[in-house]
Amino acid sequence: MSVEQIETLYAAMPDRLARARRTFGRPLTLAEKILVVHAIDFDAQAWDRGRAQLRLRVDRVAMQDATGQMALLQFMQSGKKQVAVPSTVHCDHLIRAESGASDDMKRAVTENNEVYNFLRSASRKYGIGFWRPGSGIIHQVVLENYAFPGGLMIGTDSHTPNGGGLGMLAIGVGGADAGEVMAGLPWEVLHPKLVGVRLTGKLHGWTSPKDVITYLCGLLTVKGGTNKIIEYFGPGAESISATGKGTICNMGAELGATTSVFPFDSRMAAYLRATERAGVATLAEQYAEHLVADAEVRETPGRFYDEIVEIDLDQLEPHVVGPHSPDRARPISKLAVDARANGWPATIKNALIGSCTNSSYEDMRRAAHIATQGMKAGLRAKIPFLITPGSERIYQTIKRDGILDAFEKMGGTVLANACGPCIGQWKRSDVGRDEPNTIVSSFNRNFPGRNDGSAATLSFLTSPEIVTALAFAGTLEFDPVHGTLGGPDGRPFRFTPPEAEELPRAGFARGEEGYEAPAEDGDRVTVEIPAHSERLQLLRPFPAWDGADFIDLPILVKTTGKTTTDHISPAGRWLLYRGHLDRISDNMFLGAVNAFTGETGQGLNVLTGERGIPLAQIARAYKAKGVSWVVVGDENYGEGSSREHAAMSPRYLGCKAVIVRSFARIHETNLKKQGVLPLTFGDPRDYERFGENDRVSITGLGGLAPGKPVTVVIRKPDGATQTIRANHSMTDEQITWFRAGSALNAAT
Ligand code: MIC
Ligand code: SF4
């Protein structure tokens, strides 16, 4: 948005907010202010947290290259000529880390040519800004260029909340949501509950923004934030830089939170000025009282938030989380003991810094401060040390300021400005396929198989400065905060706490940032999709519901334990097929653990009796016979990413319903959008009732209505039946999606 458009938004705030205070009869939190200002129709809107469906006008849409393909393919089905809101595409996920930035970039551009041409031509045609491969990771580029206090954006990536570091409500969604908003429809979301996090004290020494969020992950768990906005406030907030706030909001996705946000302050203004947006900074300063929670809320928060968490930054220790889940948290001082108790290999094989979560100038400088200390003591990295800068601007700046040089001298390799190893785009040759091994990174996710495709890799997450110190030690036994390392002279060496400026003194260096504006006349641009592409496939609408109940459907899989989107639709090499629904569907449930057999990704074809068959193959066999199926799952099903392939592939291969203990927000919406029934057990123990050879009927679908449970009948192989209730959270409108076969069918 231009400064003028932001000014128009801000100018409307005083009146709108005063009206909301009158209607609610109380002061407002920051998140509420942003929601109120973006309501399509304030008066018609129900403002009932945890229950009402909000209809909102968003300021911006951002898409990355892996999810953006489906978002654009769906937008194209709307038949619109131009996007209705400012939108951008960012090429970051498809670049594989192999031998360093320059070679990796060349290879990516060749390998992904077809996909990049599609994204570029569609962007040019429909009025979308296009950020070339190498320009940086979506969230870093958005923070540098587009995020602003008080704004509302959606992004086809779960870490979109990064924008909360600049006081924006930035929310991760599936591609269907993005496609609809770009086609001019309002954006709908369940009115989130509000968690207030009051920060006191100051960040200091080794403790960094990452520790605020890893600590919180331990406290609230990966589902603690579902359908909630985490709003930070309190005197400690101002001790955190804008990019540090970005780190905290970014990784709020690991709590399952709808989004996270910080109040506007001087650190945000400084960042806006450093990124050449002084006009926005001045405007925000002028309207500052509207870009923070009301005074009464800050003074007596307990009355206005649904939950309150207090964190004293003075007391907070650096934390390390993992392996396999970001909420497995402990302070660094307990890491060695925990590793020994669990038999995790202490030797670290790789140390990685960067990613969208932690690749700011401040992060890199703090890590470089540790790197320089280590080298002065005569040490070098004991293990491979990989650095992914978040954007071209960061890359150019850290190069100019000698930071890259420090990393390289210590033995590090600089990778492209992209997601790389964070999303399995990492060609690793240092360990055998199923060899248990330990890695540490400053990333945000660590589900099994995430980084290198191997579930045997134990991935720990912590701040970039701790990762850098661990790279010198090569072992989880080392605690850089309290311990010493043996220097080459045999004398014990102790790191001093990292220190860094948050913003480059000489300003950011600007290289070729790689932005391409849309065409003046989109009508003259053709979207490039080669006829027999293996990577891109135009979508065909899913069939509408035929009006019949679902009778005697087999259970394709009953998953046990964590079933993240990485389990349902793995990334890594499968990223190749994100624009080709048929091809990517071969990855369906490859990472899911089958409760019936203990196998991963495999199961029983109940029609033929064959065992050990990949689940996607079984689904295809059922589909060929016209047999639909259901999935049974556990808690927080669909946790993690926004990739709607985890809903589209099941839909495409014949899934009618997913019945679980609980859902993660984005995935539940994605299932609804694609016309699959998302159901939760009336009683969580009902999960135990489902057996491998049972058949499942879901009845009364003609009378599907909001808040009304459906009946699920489980028929056992001996013919005995058990009837249970299952709940859904569909609104009237969402029920029309189910009937039409998908949200897109309902809209067109
Ligand atoms: C992730 O971090 O899991 C991803 C890869 O960025 C995903 C998006 C995708 O799968 O393309 C996300 O976070 O939404
Ligand atoms: Fe990319 Fe990793 Fe960030 Fe997802 S979490 S956007 S894969 S860097």
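**Helix α17**

I started with helix α17, residues 403–410, where Ile-403, Leu-404, Ala-406, Phe-407 and Met-410 are buried. Why do these residues sit on the same side of α17? They cover an arc of only 160 degrees around the axis, so they fall on one and the same side of the helix. I note here that I am working from a predicted model.

Next I looked up what covers the buried residues of α17. The cover includes the strands β14 (348–354), β15 (385–388) and β16 (412–414). It also includes the helices α15 (361–376), α16 (392–400) and α18 (464–473). I then stepped just past the end of α17. Gly-411 is there, with a positive phi of about 115 degrees.

**Backbone entries**

The peptide bond from Gly-322 to Pro-323 is cis, and its omega is near -5 degrees. Where is Pro-323 found? I place Pro-323 in the loop between β12 (319–321) and β13 (329–331).

I then turned to positive phi in residues other than glycine. Asp-552 is one case, with phi of about 55 degrees. Asp-552 lies in a strand, β22, which runs over residues 550–558. Its relative accessibility is 27%, so I log Asp-552 as partly exposed.

Phe-589 is another case, with phi near 65 degrees. Phe-589 is found in a loop, the one between α20 (581–584) and β23 (602–603). Is Phe-589 buried or exposed? Phe-589 is buried, as its relative accessible area is 0%.

**Cysteines**

I searched the whole structure for disulfides and the count came back as 0. I checked Cys-91 on its own. Its nearest cysteine sulfur belongs to Cys-419 and is 11 Å away. A disulfide needs the sulfur atoms within 2.5 Å, so Cys-91 is in none. Cys-91 is also buried, with a relative accessible area of 0%. Cys-356 is buried too, and its relative accessible area is 11%.

**Largest pocket**

I moved on to the open spaces. The largest pocket has a volume of about 1,000 Å³. How many residues line the largest pocket? I count 37 in the lining. Those nearest the centre of this pocket are Arg-433, Gly-449, Asp-452, Gly-453 and Ser-454. By class, the lining holds 14 nonpolar, 13 polar and 10 charged residues.

**Second largest pocket**

The second largest pocket comes out at about 800 Å³. Its lining has 43 residues. Gln-53, Leu-190, Lys-672, Ser-729 and Gln-734 lie nearest its centre.

Which element gives the most? α23 does, with 7 residues. The lining of the second largest pocket splits into 15 nonpolar, 16 polar and 12 charged residues.

**Cavities**

I found 8 cavities of 30 Å³ or more. The largest cavity holds about 200 Å³ of space. It is lined by 24 residues, and Gln-64, His-93, Asp-157, His-159 and Arg-450 lie nearest its centre. Which elements give two or more residues to this lining? They are α4 (65–77) and α7 (138–145). I sorted the lining of the largest cavity into 8 nonpolar, 10 polar and 6 charged residues.

The second largest cavity contains about 150 Å³ of space. It has 15 lining residues, and those closest to its centre are Ala-253, Gly-256, Gly-640, Ala-664 and Ile-666. The lining of the second largest cavity divides into 5 nonpolar, 8 polar and 2 charged residues.

Technical notes:
Residues numbered from 1 in each chain as written. Chains lettered and ligands numbered in written order. Predicted model: local features only at pLDDT ≥ 70, side-chain atom pairs only at ≥ 80, totals over all residues. Heavy atoms only, no water. 1 Å grid on protein atoms, 1.4 Å probe; cavity = no way out; pocket = protein on both sides within 12 Å on 5 of 7 lines; lining within 4 Å. Points joined across faces, edges and corners; volume = space filled by probe spheres on them. Nonpolar A, V, L, I, M, F, W, Y, C, P; charged D, E, K, R; others polar. Helix = DSSP H or I, 4+ residues; strand = E, 2+ residues; numbered from the N terminus. Buried < 20%, exposed > 50% of the residue type's maximum accessible area, 1.4 Å probe, protein only. Arc of directions from axis to C-beta. Contact = heavy atoms within 4.5 Å.
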